[in-house]
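Student: I have a structure open and a few questions about it. Let me put it up.

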Amino acid sequence: MNKITAAITCVNGYVPEYVLSNSELEKMVDTSDEWITSRTGIKERRLLKGEGLATSDMAVEAVNGLLKKRGITANDIELIIFATVTPDLIFPSSACILADKIGAKNAWGYDLAAACSGFLFALETGAKFIESGKYTKVLVVGGDKMSSIIDYTDRNTCIIFGDGLGCVLLEPNTEGFGVVDSVLKIDGNGRHYLHQKAGGSQKPPSHETVDAREHYVFQDGKTVFKFAVTGMADVSAQIMDRNNLTADDVTWLVPHQANLRIIDATAERMGVGKDKIMINIEKFGNTTNGTIPLLLWEWENKLKKGDNLVLSAFGGGFTWGSIYVKWAYNG
Ligand code: UT7
């Protein structure tokens, strides 16, 4: 029998309606549309508004749409891997909450935390379950309500992040389509440059941590930028090398949307032209775990069976990596 690979057979996404534009941010912090656009490529981002709405609520929208599109029910899902840094609760997992909300009675699942590389780590993990032969329908979800951990008085971070979420369905394939190869990495020394200071077991929540605004994202942007440019370009070049892919062979670069300058540097290193890069950072900003599945969702109609996709990301941890996917269907 032919080797089983994990094909992406459906994709969907969800972004909240509320638009936070650069001009609105100009009224909140000392910044300008010109600065944000030239330094990041971002014009606007979406925020999830509404009392009690959480990351899983965006997942319900995206996953219900995916099930409908694929013509299956929630009970067909066997495993849910939910990549997020903004789970609804510290515990139980957002995978549990999502399963309950969509009525997935036959699934087990868990959350996976790898910051901006989370969707790639979850995709690789989900693919292994499919390749084992035991599972036939694995749901990989990636997304964040970043507005729940962003300090809207800190111009270093509030201009970058937004809320959004995407999901893909993985199913077995015996023609070689789906996840072909991956290069994934972590370096915990990077934790000093991008983290949330309080709320974990190291520094539980207290009046002091709230007063010190330690429940928000802290980022030393310049340092993260330096590592991201090198890291993302390195793994992207490595995955091409390992799979004998030339720039001509790559149909699409699907890069994490953190900063347009990081995306450009990665594409340049790969030798891939601008017409082959999926970019929507101008509309959604950095949705952390949501960026890559949201790109796949937006570009789904243009994708063709056999297209070679290189998915690449860099994020807090540090975490980074690249996955080579052979697209399995005509969009
Ligand atoms: O997705 C997870 C991983 N994260 C990333 O990949 C993000 C990586 N980092 C970045 O994308 C960039 O570092 C930022 C967009 C966060 C910042 O851009 P930068 O070009 O690295 O700016 P900088 O921090 O070096 O600051 C340059 C100047 C500073 O002023 P001086 O010291 O030159 O006078 C900042 O104070 O820009 C100032 N500045 C701002 N000015 C207007 C910083 N933030 C802003 C702002 N508006 N929002």
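Student: How many bridges join strand 8 to strand 13?
Tutor: Eight bridges join strand 8 to strand 13 (residues 319-326), and the two run antiparallel. Strands (E, at least two residues) and helices (H or I, at least four) are DSSP runs, numbered from the N terminus. Two strands count as paired if DSSP finds at least two bridges between them.

Student: Before I go on, what sort of model is this?
Tutor: This is a predicted model, in which local features need pLDDT of at least 70 and side-chain atom pairs count only at pLDDT 80 or more, while totals for chains, interfaces and linings use all residues. Residues are numbered from 1 along each chain as its sequence is written, and side-chain values use heavy atoms, with hydrogens and water left out.

Student: OK, back to strand 13. What stands opposite valine 183 there?
Tutor: Serine 322 does. Aspartate 181 also has a residue opposite it in strand 13, namely tyrosine 324.

Student: What holds paired strands together in general?
Tutor: Strands of a sheet pair through backbone hydrogen bonds, in either a parallel or an antiparallel way.

Student: How many bridges join strand 12 to strand 13?
Tutor: Eight, and strand 12 runs antiparallel to strand 13. One of the pairs is phenylalanine 314 with tryptophan 320 in strand 13. The two strands form a hairpin with three residues between them, and glycine 317 in that turn has a positive phi of about 145°.

Student: What is the strand order in that sheet?
Tutor: The order is 8-13-12-11, in an open sheet of four strands with mixed pairing. Strand 8 (178-186) and strand 11 (252-255) are the edge strands, each pairing on one side only. Neighbouring strands here are turned by 15° against each other on average, direction ignored.

Student: Is strand 13 mostly covered or mostly open?
Tutor: Mostly covered, with seven of its eight residues buried. Buried means under 20% relative accessible area, exposed means over 50%, and partly exposed lies in between (1.4 Å probe, protein chains only).

Student: Which strands does helix 5 lie across?
Tutor: Helix 5 (residues 118-131) lies across strand 8, strand 12 (308-315) and strand 13, at about 130° to strand 8. Helix 8 (residues 221-242) packs on the sheet too, touching strand 8, strand 11, strand 12 and strand 13, and its direction makes about 145° with that of strand 8. The angles run from 0 to 180 degrees between N-to-C directions, using axes fitted to C-alpha atoms, for helices over the stretch in contact. Contact means heavy atoms within 4.5 Å.

Student: Why is strand 4 described as enclosed?
Tutor: Five of its five residues are buried, so the rest of the structure largely encloses strand 4. On one side these are Leu79, Ile81 and Ala83, and on the other Ile80 and Phe82. Strand 4 runs parallel to strand 5, joined by five bridges.

Student: Where is glutamate 78?
Tutor: Glutamate 78 sits in the loop between helix 3 (55-70) and strand 4. A polar atom of its side chain lies 2.6 Å from the backbone nitrogen of threonine 136, and the backbone nitrogen of lysine 137 is 2.8 Å from a polar atom of that side chain. By sequence, glutamate 78 and threonine 136 are 58 residues apart, yet their C-alpha atoms are 7.5 Å apart.

Student: Last topic, the ligand. Which residues come nearest to it?
Tutor: Thr31, Arg39, Arg155, Asn259 and Asn286 come nearest, of the 23 residues around the ligand. Being near takes one heavy atom within 4 Å. A polar side-chain atom of asparagine 286 lies 2.7 Å from an oxygen atom of the ligand. For arginine 261, the distance from a polar side-chain atom to a ligand oxygen atom is 3.0 Å.

Student: How much of the ligand does the protein bury?
Tutor: Taken alone the ligand exposes 950 Å², and the protein buries 75% of that. Such areas come from the Shrake-Rupley method with a 1.4 Å probe.

How values were computed
A polar contact is a pair of N or O atoms within 3.5 Å; within protein, one must be able to donate a hydrogen and the other to accept it, and residues adjacent in sequence count only if both atoms are side-chain atoms.
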